[in-house]
Amino acid sequence: MRTKTMLLAAAIAVGMGGATQAATVTNGSFENTPGFNGSRNWQVYNSIDGWSTDSGAGIEIQSNATLGGIDAQDGDKYVELDSHGKNSNSKMSQSIYFDAGSYKLSFYYAPRIANSNSNGIEFSVGDFLLDSVSGPNGEHPRLAWTLVQRVFNVDIAGSYDLSFAATGKQDTLGGLIDNVSVAAVPLPASALLLLGGLGAFGAMRRKKS
């Protein structure tokens, strides 16, 4: 009985240490944007495939050659959330199903202008992750894509919002984001060894009895 309890505890610990099913971000590079006019270099949407506007003027999609010195990090489209329109700092989100476990959020970020007060991006996943990024600075140079990654844990399986929001000065010149993804964090080798060792220990006890 004690061995079964130890194995159950180990299984729970392993389950909490790594996700069993990778969550999927829909349209993470913003390429699926029907109706985008190629002759126009930017357009604001209330919603696009996978994403909807929570607040502000909407989701501003830009295409390659819109800005001098930078194109999309992946494909030919990217997002700016200091969007054109009244109350231009916007927030967008999509609902994603997560199993309990550990995940890594990844996206690419680029400050558009030299004023660091205009380029802030806040990002969150449910109540499990809340953080922000800004620039330009040594880590995030102006008009250069840099990878942002954060690890977070989901305690209870369910659907949670992945959100991005512009922060700072509302001047329609803000931070850019592209190539958003979420991936399950692999189980650490120590956890797998622990579970395997306890399983072997349990088998030995059953054989002796």
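**Aromatic pairs and salt bridges**

Author: Let us begin with F123, which is buried, with a relative accessible area of 1%; buried means under 20% relative accessible area, exposed means over 50%, and partly exposed lies in between, with a 1.4 Å probe and protein chains only. Please keep in mind that this is a predicted model, where local features need pLDDT of at least 70 and side-chain atom pairs count only at pLDDT 80 or more, while totals for chains, interfaces and linings use all residues. Residues are numbered from 1 along each chain as its sequence is written, and side-chain values use heavy atoms, with hydrogens and water left out.

Reader: Okay, and how many aromatic pairs does the structure hold?

Author: There are 11 aromatic pairs in the structure; rings of Phe, Tyr and Trp (its six-membered ring) pair if their centres lie within 6.5 Å, and planes under 30 degrees apart count as stacked, over 60 as edge-to-face and the rest as tilted. One of them is the edge-to-face pair of F98 and F152, with 5.8 Å from centre to centre and 80 degrees between the planes.

Reader: Where do F98 and F152 sit in the chain?

Author: F98 belongs to strand β6 (residues 91-98) and F152 to strand β10 (residues 146-154), so this pair links distant parts of the chain, 54 residues apart; helices (H or I, at least four residues) and strands (E, at least two) are DSSP runs, numbered from the N terminus. F98 is buried at a relative accessible area of 1%, and F152 also counts as buried, at 3% relative accessibility.

Reader: And what kind of pair do F107 and F123 form?

Author: F107 and F123 form an edge-to-face pair, 5.0 Å centre to centre with 70 degrees between the planes. Because F107 lies in strand β7 (residues 101-110) and F123 in strand β8 (residues 120-125), the pair ties together parts that are 16 residues apart in sequence. F107 counts as buried at 0% relative accessibility, and both rings belong to one aromatic cluster made up of F30, W51, F107, F123 and F164.

Reader: Changing topic, how many salt bridges does a search of the whole structure find?

Author: The search finds 3 salt bridges, where a salt bridge is a side-chain nitrogen of Lys or Arg within 4 Å of a carboxyl oxygen of Asp or Glu. In one of them E80 meets R112, with the closest N and O atoms 2.7 Å apart. This pair links distant parts of the chain, with E80 in strand β5 (residues 77-80) and R112 in the loop between β7 and β8, 32 residues apart.

Reader: Which residue forms a salt bridge with D131?

Author: That is R150, and the closest N and O atoms of D131 and R150 are 2.6 Å apart. D131 lies in strand β9 (residues 129-133) and R150 in strand β10, so the pair ties together parts that are 19 residues apart in sequence. D131 counts as partly exposed at 27% relative accessibility, and R150 is likewise partly exposed, at 28%.

Reader: What about D76 and K77, how do their side chains meet?

Author: The side chains of D76 and K77 meet in a salt bridge of 3.4 Å, N to O. D76 counts as partly exposed at 33% relative accessibility, whereas K77 counts as buried at 12%.
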